[in-house]
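Hi,

Here is the structure I promised to pass on. Have a look at it first, and my notes follow below.

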Amino acid sequence: MSTPDPKTVPIRDLLPDYREQLPEVAARFARIRERPVILSIRGLEKSYGHGDARTVVLDRLSFEVRRREFLSVVGPSGCGKSTLIRIIAGLDEATGGEVLLDGQRVEGPGPDRGMVFQGYTLFPWLTVKGNVMFGLKLRGKSKKAADREAFQWLDLVNLEEFADAYPHELSGGMKQRVAIARALANEPRILIMDEPFGALDAQTRAQMQSYLLQIWKSVDVTILFITHDLEEAAYLSDRVLVMGANPGRIVELIENPVPRPRRREQFISRPFLSLKRRLAELIHADGAAEELKLPLTMRPCAEDSVE
Ligand SMILES: Nc1ncnc2c1ncn2[C@@H]1O[C@H](COP(=O)(O)OP(=O)(O)OP(=O)(O)O)[C@@H](O)[C@H]1O
Ligand SMILES: [Mg+2]
């Protein structure tokens, strides 16, 4: 049999299996597995309604996250990603199973979980520093201590100069950096982020991703990160949890084969593309990317068809 001409082989056939790991990647995962479990999700279930009207939103999810791990969650719209993290945050109640944080059952919200959402959730009547100090004061820190710590967190997100500005004076990316500083100021065990960069333009988003990796490197925190963007998941995470819809369930929990430290040039590397291809396969298989056919009738057009 003749060898195929490399110029005509589709790129996907040249990619390694997404489960193949370079020795340094395998060694890193071995180290992660030795760390203590921070978050444990056991048989988590969420349903609405009863009897025939019962809708299962989360169908017995079980997984664990280890200390300082960066776990991304991807899945089609409506598969229950936000529901999952609202339950972990204690903002919503499960109908079955349990969430354990450091071995303790989660019964409600607490400062051990920091939240950052897509919408800008800063208090508009407080300055940047006031926003970061808010939780510190609630936790009983003196004004002086809260002030000092707020500056340290603002320094971390490179916004010290904007301490006295109000949220409306900041760009979207800056607001999200303040939101991250505010969440981290409470020294949470886990930082939960629900599409935090979803509303940002592509360039700011890329910048925020790199900021987040730098912050994660210098703060002892575990990150649970929800995103629709498969490249974002592949760039940031240690593992990617892929969810399916109807009912919301775990399809696969993938160890990211892309070595660290991460660089944007890796977006066109073989491990990156193999992971991205697998994620796209899983998500599209779930029907999320089905072409939407609109029931439009053809209007008379003078010129050629556009296709
Ligand atoms: N009060 C409710 N009653 C019935 N169903 C609900 C209720 N609240 C949420 N749901 C359903 O739960 C499912 C999961 O919603 P959720 O917001 O968690 O999805 P998601 O994966 O975060 O979606 P997206 O990617 O669009 O943010 C949806 O199908 C939604 O219709
Ligand atoms: Mg959501």
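Is glutamate 187 buried or exposed, or partly exposed? With 17 other C-beta atoms within 10 Å, glutamate 187 is partly exposed. The cut-offs here: buried takes 20 or more other C-beta atoms within 10 Å of a residue's own, exposed takes 12 or fewer, and partly exposed is in between, with C-beta atoms placed from the backbone.

Before you go further, note that this is a predicted model, where local features need pLDDT of at least 70, side-chain atom pairs count only at pLDDT 80 or more, and totals for chains, interfaces and linings use all residues. Residues are numbered from 1 along each chain as its sequence is written, while chains are lettered from A and ligands numbered from 1 in the order in which they are written.

Back to glutamate 187: its phi is positive, about 50°, although it is not a glycine. You'll find glutamate 187 in the loop between H5 and strand S7 (190-194). Helices (H or I, at least four residues) and strands (E, at least two) are DSSP runs, numbered from the N terminus. Aspartate 102 is another non-glycine with a positive phi, near 50°. Aspartate 102 sits in the loop between strand S4 (96-101) and strand S5 (104-105), and counts as partly exposed with 13 C-beta neighbours inside 10 Å. I flag these because most residues other than glycine have a negative phi, and most peptide bonds are trans.

One joins asparagine 246 and proline 247, with omega about -5°; proline 247 is in the loop between strand S9 (239-244) and strand S10 (249-255). Another joins arginine 260 and proline 261, with omega about 0°, and proline 261 belongs to the loop between S10 and helix H8 (270-285).

Now the helix packing. H3 (residues 128-138) and H5 pack at about 20° with their axes 8 Å apart; axes are lines fitted to C-alpha atoms, for helices over the stretch in contact, and angles run from 0 to 180 degrees between N-to-C directions. Contact means C-beta atoms, placed from the backbone, within 7 Å.

H3 also meets helix H4 (residues 143-156), where the axes come within 9 Å and cross at roughly 120°. That makes H3 oblique to H4. The contact includes Met133 and Lys137 of H3, and Trp153 and Leu154 of H4.

Then there's H6 (residues 202-218). At 1.5 Å a residue, its 17 residues should span 24 Å, and the end C-alpha atoms are 25 Å apart, which agrees (the expected span is 1.5 Å times one less than the number of residues). Met208, Gln209 and Leu212 are buried in H6. They cover an arc of only 105° around the axis, which puts them on the same side of H6; the arc is that of the directions from the helix axis to the C-beta atoms. The buried residues of H6 pack against helix H5 (172-185) and helix H7 (230-236), while the face turned away from the buried side carries exposed Gln203, Lys217 and Ser218.

Last stop: threonine 227, in the loop between strand S8 (222-226) and H7. Threonine 227 counts as buried, with 25 C-beta neighbours inside 10 Å.

Cheers

Conventions
Contact = placed C-beta atoms within 7 Å. Parallel < 35°, antiparallel > 145°, perpendicular 65-115°, else oblique.
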